[in-house]
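Dear colleague,

Please find below the structure that I am handing over to you.

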Amino acid sequence: MPVPFRNTKSAYGVISQTFHWLIVALLIVQYAWAWRIDGVDGIRARLELVTQHKTIGMSVLILAVLRLLWRMFNRPPPLPAGMPRWESLAARAGHWMLYGLIIAVPLSGWAYSSAAGYGDYWWGPVDFPGIAPTSEALEDLFHEIHEWLTTTLAVVAIGHTLAALRHHFWLKDDVMTRMLPTWRRN
């Protein structure tokens, strides 16, 4: 069976799936890096992990923007026809919350880094401009916002995952398998 490039009425295409799973993988790495940063000794090792964390965060931001652009011109498959209205609304709200948080978390980290007086990095010596003035008060504020958004993203992502697993194992519909490669659905 050929792998669909674009979304169809029954499944996500390979581009949407690639964006989805790449962002998921990078977000998992981001949480692992954040925990490593908190536990590492030595300023040099800490600075290196922070730089990698920021680099991955900027990659997530770019991928999320590209994914939203792709979605604008390539509608996702419709939700199952028999889905209750409350569940349909919750699914749509959850998806848009995820999109918003996946963009807001790196932006808040970028603002946090800018307010702290550090540049952001993207796979090397590429510097992104600061998006906030250097200020200790703003640094503290953006740090709190970044942590709050990160925790909220984890909660919403876990809810999204549990809902997908509910559809697959309890309701036994194709909601979860639509985001899997073709060879996993057959």
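Please note that this is a predicted model. I begin with His146, which is found in helix α4, spanning residues 136–171. The relative accessibility of His146 is 14%, so this residue counts as buried, the cut-off being under 20%. Its side chain takes part in two kinds of pairing: with the backbone oxygen of Val105, reached at 3.0 Å, and with the side chain of Ser108, through a polar contact of 2.8 Å. If neighbours within four places in sequence are set aside, His146 is in contact with His53, Val105, Ser108 and Gly109.

Thr55 counts as buried because its relative accessibility is 4%. The side chain of Thr55 reaches the backbone oxygen of Thr51 at 2.8 Å.

Rolling a probe the size of a water molecule over the atoms shows where empty space is left. One cavity of 30 Å³ or more is present in the structure, and the largest cavity holds about 50 Å³ of space. Its lining is formed by Asn7, Tyr12, Ser16, Arg67, Trp70, Arg71, Asn74, Pro76 and Tyr99. Helix α2 gives the most to this lining, with three residues. Sorted by class, the lining of the largest cavity comprises four nonpolar, three polar and two charged residues.

Yours sincerely

Technical notes. Residues numbered from 1 in each chain as written. Predicted model: local features only at pLDDT ≥ 70, side-chain atom pairs only at ≥ 80, totals over all residues. Heavy atoms only, no water. Helix = DSSP H or I, 4+ residues; strand = E, 2+ residues; numbered from the N terminus. Buried < 20%, exposed > 50% of the residue type's maximum accessible area, 1.4 Å probe, protein only. Polar contact = N/O pair within 3.5 Å; in protein donor to acceptor, adjacent residues only side chain to side chain. Contact = heavy atoms within 4.5 Å. 1 Å grid on protein atoms, 1.4 Å probe; cavity = no way out; pocket = protein on both sides within 12 Å on 5 of 7 lines; lining within 4 Å. Points joined across faces, edges and corners; volume = space filled by probe spheres on them. Nonpolar A, V, L, I, M, F, W, Y, C, P; charged D, E, K, R; others polar.
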